[in-house]
Amino acid sequence: MSEAGEWEVYAVKYATSAERLRRDNFITPPDPHDGPMPIDYFVWAVTNGTRTFVVDTGFDAAEAEARGRTLLRTAAEGLATVGIDASKVEDVVITHLHYDHAGGHDQFPLARYHLQESEMHYATGRHMCSHAIAHPFTVDHVTDMVRRVFDGRVSFVDGERRLAPGLSVHLVGGHSMGLQVVRVRTRRGWVVLASDASHFYENMEAAAPFPIVFNVGDMVQGWETLKQLAETPAHIVPGHDPLVLQRYPAVSADLEGIAVRLDIEPKT
Ligand SMILES: [Zn+2]
Ligand SMILES: [Zn+2]
């Protein structure tokens, strides 16, 4: 059990895409030389031993096949490696409704979903008529969430909300209209799960936006919001960077390259 209001935070890798190139990850690459720049896919968990919040729900094998990604384990399998039983989780934060963050809802039968209202508007409104905007969404994920709304299992957020002592969500937008980030108090101070507010460390550090973007200005402002919310820039955890698994300590030796502790100081 941690101190009151201090949480343990985990990042669990569930998928990867090794073929990705640098030019896929920046509107304007920071340097003109193209080359491999693999991307990892994560779910996160915030727990104090009594309450557990899962952040995002990943995608399934069919989705991985359709989009040419490599699924390593489902979100539920990944969470099980750090001792979390998805079937018992009561709170899930959905940072945004893109396919890699909002699939697999049947893995969390008891969960209430915390989602920005603007993200639901976005995913069910006029912008989805455009393939350029809609392609990172999967319609079944969106309709699953609509069903959760009618089941009374969605808690809509408008801007920011404190979910528990030392845990809150904050609207950032930019990448997706209703993208929210998660701020968590830990033993090393305030950690921010940036999700796709910054896919890689390099997006925010080089001020180089990721190409999937609804509003570039909001994405750029979002990096400032991340800095304001985090204890230091080293407390901001990007959403897709393989470096996260190198910088943070593995949960245990057998989970090297799979699951790390974000509430413990990074190694570099
Ligand atoms: Zn996204
Ligand atoms: Zn993503």
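Colleague: What percentage of the 268 residues in the protein do buried residues make up?

Modeller: Buried residues account for 46% of the 268. A residue is called buried if 20 or more other C-beta atoms, placed from the backbone, lie within 10 Å of its own; 12 or fewer makes it exposed, and anything in between partly exposed. Please keep in mind that this is a predicted model, where local features need pLDDT of at least 70 and side-chain atom pairs count only at pLDDT 80 or more, while totals for chains, interfaces and linings use all residues. Residues are numbered from 1 along each chain as its sequence is written, with chains lettered from A and ligands numbered from 1 in the order in which they are written.

Colleague: How many helices and strands does the protein have?

Modeller: There are eight helices and 13 strands. Both are DSSP runs numbered from the N terminus: at least four residues of H or I for a helix, at least two of E for a strand.

Colleague: Why does Ala45 count as buried?

Modeller: Ala45 has 25 C-beta neighbours inside 10 Å, so it counts as buried. You will find Ala45 in strand S2, residues 39-47. Leaving aside neighbours within four places in sequence, the contacts of Ala45 include Tyr10, Val54, Leu79 and Ile84. A contact here means that the C-beta atoms of two residues, placed from the backbone, lie within 7 Å.

Colleague: And Asp56, is that residue buried or exposed?

Modeller: Asp56 is buried, because 28 other C-beta atoms lie within 10 Å. Asp56 sits in the loop between strand S3 (52-55) and helix H1 (61-67). Its phi is positive, about 75°, although Asp56 is not a glycine. Most residues other than glycine have a negative phi.

Colleague: What about Ala207: why does it count as it does, buried or exposed?

Modeller: Ala207 has 11 C-beta neighbours inside 10 Å, so it counts as exposed. Ala207 is in the loop between helix H6 (201-205) and helix H7. Like Asp56, whose phi is positive, Ala207 has a positive phi, near 50°.

Colleague: How do you know that the span of H5 agrees with what it should be?

Modeller: The expected span is 1.5 Å times one less than the number of residues. For the twelve residues of H5 that should be 16 Å, and the end C-alpha atoms are 17 Å apart, which agrees. Just after H5, Gly152 takes a positive phi of about 75°. Helix H5 (139-150) and strand S6 (112-116) are what the buried residues of H3 pack against. In H3 (117-124), those buried residues are Ser118, Glu119, Met120, Tyr122 and Ala123.

Colleague: Which strands form the open sheet, and in what order?

Modeller: The order is S8-S9-S10-S11-S12, with mixed pairing. S8 (160-164) and S12 (236-238) are the edge strands, each pairing on one side only. Strands count as paired if DSSP finds at least two bridges between them.

Colleague: How many bridges do S8 and S9 pair over?

Modeller: S8 and S9 pair over four bridges, in the antiparallel sense. Arg161 has Val169 in S9 as its bridge partner. The two strands form a hairpin with two residues between them, and Gly166 in the turn has a positive phi of about 75°. S9 also runs antiparallel to S10, joined by five bridges, with Ser168 opposite Arg183 in S10. Five bridges also join S10 (180-186) to S11 (189-195), again antiparallel, and there Arg183 is partnered by Val192.

Colleague: What makes S9 mostly covered?

Modeller: Four of the five residues of S9 are buried. Helix H7 (216-229) lies across S9 (167-171), S10, S11 and S12, at about 155° to S11.

Colleague: Which residues have the most contacts inside the largest nonpolar core?

Modeller: They are Ala11, Trp44, Val55, Val192 and Leu226, in a core of 66 residues. Not counting residues up to four places away in sequence, Leu226 touches Val181, Val192, Ala194 and Ile236, among others.

Technical notes. Axes fitted to C-alpha atoms, helices over the stretch in contact; angles between N-to-C directions. Core = buried A, V, L, I, M, F, W, Y, C linked by C-beta atoms within 7 Å.
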